[in-house]
Amino acid sequence: MSEENAYEPFIQDKVYDEKIAVYPGTFDPITMGHIDIVTRSLEIFDKVIITVAINPAKSALFSLEDRLQMIRDCFPADEERISVDYVDGLLVDYAYKRGATAIVRGLRAVSDFEYEFQLALMNRRIEREVETVFLMTGLRWIYISSSIIKDVARHGGDTSGLVPDHVCEKLRHKFMT
Ligand code: COA
């Protein structure tokens, strides 16, 4: 084998029919920032699996089923490139089993970087076949998080425009006195 094509078999092994990405998060609830990441991921990947991670360290406001349904309701039912699922185990194992080659994460600010760097490196250590891809969060959504939105809603503030209308309604209902 010549020097020039020494890596050819390796590269050929990496040819997949379709490029699938997993977009994980707590999504408690999904926000416009998350939707922006999904939409932009579809410019890069053929399919995106939005995956709600069950994280016992975070006590969620919404049940898993509510979170999954709110995500489903954000996208047209016939959009075959998006699917919605959950994971209750190691994310990277899940991604590998689903045939995904990447985990997508949104970066909002430098403060996100350290944690994301740690996650990405640990995931890579466990499974080298799955890469982490970071997208910069859209400037309009740089300051939002699910927690800050819940806090605004809890105190009767207006969250419209920051979350889809059906999520806004769910939040209003949740905090109705
Ligand atoms: N727009 C708006 N908000 C955004 C955002 C964006 N583009 N990107 C992130 N956020 C916010 C989220 O709303 C969330 O806000 P909150 O903390 O107020 O709820 C926050 O940023 C970070 O959260 P999220 O993306 O939901 O991730 P997480 O830190 O809750 O969970 C997982 C990270 C799911 C990737 C990680 O826990 C995991 O992999 N779990 C599976 C188990 C596992 O494999 N563990 C080993 C990991 S090495």
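The model is a predicted one, in which local features need pLDDT of at least 70 and side-chain atom pairs count only at pLDDT 80 or more, whereas totals for chains, interfaces and linings use all residues. Residues are numbered from 1 along each chain as its sequence is written.

The protein chain contains seven helices and five strands, these being DSSP runs (helices H or I, at least four residues; strands E, at least two) numbered from the N terminus. Read from the N terminus on, the order of elements is α-β-α-β-α-β-α-β-α-β-α-α. Along the principal axes, the C-alpha atoms occupy a box of roughly 75 × 35 × 30 Å. Of the 177 residues in the protein chain, 28% are buried, a residue being buried if 20 or more other C-beta atoms, placed from the backbone, lie within 10 Å of its own.

Strand S2 (residues 47-53) is largely enclosed by the rest of the structure, because five of its seven residues are buried. S2 runs parallel to S1, to which six bridges join it, and Ala21 stands opposite Val48 of S2; pairing of two strands requires that DSSP find at least two bridges between them. Six bridges also join S2 to strand S3 (residues 82-87), again in parallel, with Thr51 standing opposite Asp85 in S3. Two right-handed β-α-β units involve S2: one is made by S1, H2 and S2, and the other by S2, helix H3 (residues 64-72) and S3. A crossover is right-handed if, with the strands pointing away from the viewer, the path from the first strand over the helix to the second runs clockwise.

The ligand is surrounded by 25 residues, of which Gly25, Gly33, Ala53, Gly106 and Ser147 are the closest; a residue is near a molecule if its C-beta atom, placed from the backbone, lies within 6 Å of it. At least two residues of this shell come from each of strand S1 (20-25), helix H2 (32-41), helix H5 (110-126) and helix H6 (146-154). The shell comprises 10 nonpolar, 12 polar and three charged residues, where Ala, Val, Leu, Ile, Met, Phe, Trp, Tyr, Cys and Pro count as nonpolar, Asp, Glu, Lys and Arg as charged, and the others, Gly among them, as polar.

For H5, the 17 residues should span 24 Å at 1.5 Å a residue, which agrees with the 25 Å between its end C-alpha atoms; the expected span is 1.5 Å times one less than the number of residues. H5 bends by about 25° at Glu116, the bend being the angle between axes fitted to the seven residues ending there and the seven starting there.

Terms used. Buried ≥ 20, exposed ≤ 12 C-beta atoms within 10 Å, placed from the backbone.
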